[in-house]
Amino acid sequence: MSAQPHPGARAASPPLRIAGRTFTSRLLLGTGGFTRMETLGDAIDASQTELVTVAMRRIDATAEGSLLDVIRDRGVDVLPNTAGCFTARDAVLTAQLAREALGTDWVKLEVIGDERTLLPDAPELLLAAEQLVDEGFVVLPYTNDDPVLARRLEDVGCAAVMPLGSPIGSGQGIANPANLTLIVEGAGVPVILDAGVGTASDAALAMELGCDAVLCASAISRATDPVAMAHAVRHGVLAGVLARDAGRIARRTHARASSPLAGLPEFAE
Amino acid sequence: MIFVNGEPVATAARPTIRDVLVERGIDPDTAGIAVAVDAEVARRGVWQTRTLDDGAHVEIVRAVQGG
């Protein structure tokens, strides 16, 4: 879903590139929360994503083994996460297991510091990121909307940074657009908005603020119609990129007439 | 006695990782699974030969739906 700018528009944003790989889509899809595999598959298609996240959990011999089949049937790649890990040690080991299980050295690194908010634990996150980069992983860390932490994660070699808009699954959108803008301004790696998206307009805003991509899970999987919402969020991302490239007007305190004042007829009393 | 995914399991003396998988009804050739023994990854290539000491903690994982 590359954004095709209107002729005469400013230069289009370059395509998303992470660790040397170029993506056509700027939407990553989380697979959590879909109640049916068929719906997940249809949402993958509707989103036109190229990368979907999975979690690593203890095997249940009775469970159907269709998740990876669905993902591969739809022709997209898998991005394992370390969701549920509260320490750098556990996150590193989970990433190592994911690499062994799935044959990818890409990892969405999550190190959670608090069960109620699911907010990242900054010191553990940085420690885990450094270790995984040293072990050759392509590390995409889920991080707070903290410009300093984002820079530190980039400094240790992360391939992208994934600041939250608001807590995971909250649907609150982008709580601190100013911080997100600071992260975008300071980043030398792609910025992927992760967590908090509630609907398509949140994804559009992320792109208008300069993000390179959006990761969306619950907003799609828990929508009344997940496939329709996948379609909507895809278009939200696309609209946001196009609007950013088009160059929005500056905000003004007062009105500015869009119709000319000259030539206004004067009507008789 | 070893521990598999948190559950105590009575086993023959020094089973291999492969033995443990088969005992649980898991085909060791299944794609997309990984094993850790005592908090270290055990690569697929050693499943047939690596034996487990009494009290070993084995974690067998796979990909599931997640954010």
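I count two residues as in contact if their C-beta atoms, placed from the backbone, lie within 7 Å. This is a predicted model, where local features need pLDDT of at least 70, side-chain atom pairs count only at pLDDT 80 or more, and totals for chains, interfaces and linings use all residues. Residues are numbered from 1 along each chain as its sequence is written, while chains are lettered from A and ligands numbered from 1 in the order in which they are written.

**Entry 1: where the chains meet**

I looked up the contact and found 26 residues from chain A and 21 residues from chain B. On the side of chain A that touches chain B, strand 4 (51-58), helix 2 (67-73), strand 5 (77-80) and helix 3 (88-102) of chain A each give at least two residues. My helices (H or I, at least four residues) and strands (E, at least two) are DSSP runs, numbered from the N terminus. I sorted that side of chain A into 17 nonpolar, 6 polar and 3 charged residues. Here Ala, Val, Leu, Ile, Met, Phe, Trp, Tyr, Cys and Pro count as nonpolar, Asp, Glu, Lys and Arg as charged, and the others, Gly among them, as polar.

I then checked strand pairing, which needs at least two DSSP bridges between the strands. Strand 4 of chain A runs antiparallel to strand 5 (residues 57-65) of chain B, and 5 bridges join them. Met56(A) has Ala63(B) opposite, in strand 5 of chain B.

**Entry 2: a parallel sheet**

Next I found an open sheet of 3 strands in chain A, in the order 6-7-8, with parallel pairing. Its edge strands are strand 6 (106-109) and strand 8 (162-163) of chain A, each pairing on one side only. I traced 4 bridges between strand 6 and strand 7 (residues 138-143) of chain A. What stands opposite Leu109(A) in strand 7 of chain A? I see Pro141(A) there. Leu109(A) also touches residues including Ala91(A), Ala95(A), Ala128(A) and Leu132(A).

**Entry 3: two helices**

I went on to helix 3 and helix 4 (residues 122-134) of chain A, which pack at an angle of about 35 degrees with axes 8 Å apart. I take axes as lines fitted to C-alpha atoms, for helices over the stretch in contact, with angles from 0 to 180 degrees between N-to-C directions.

Note on methods
Lists of a residue's contacts leave out its neighbours within four places in sequence.
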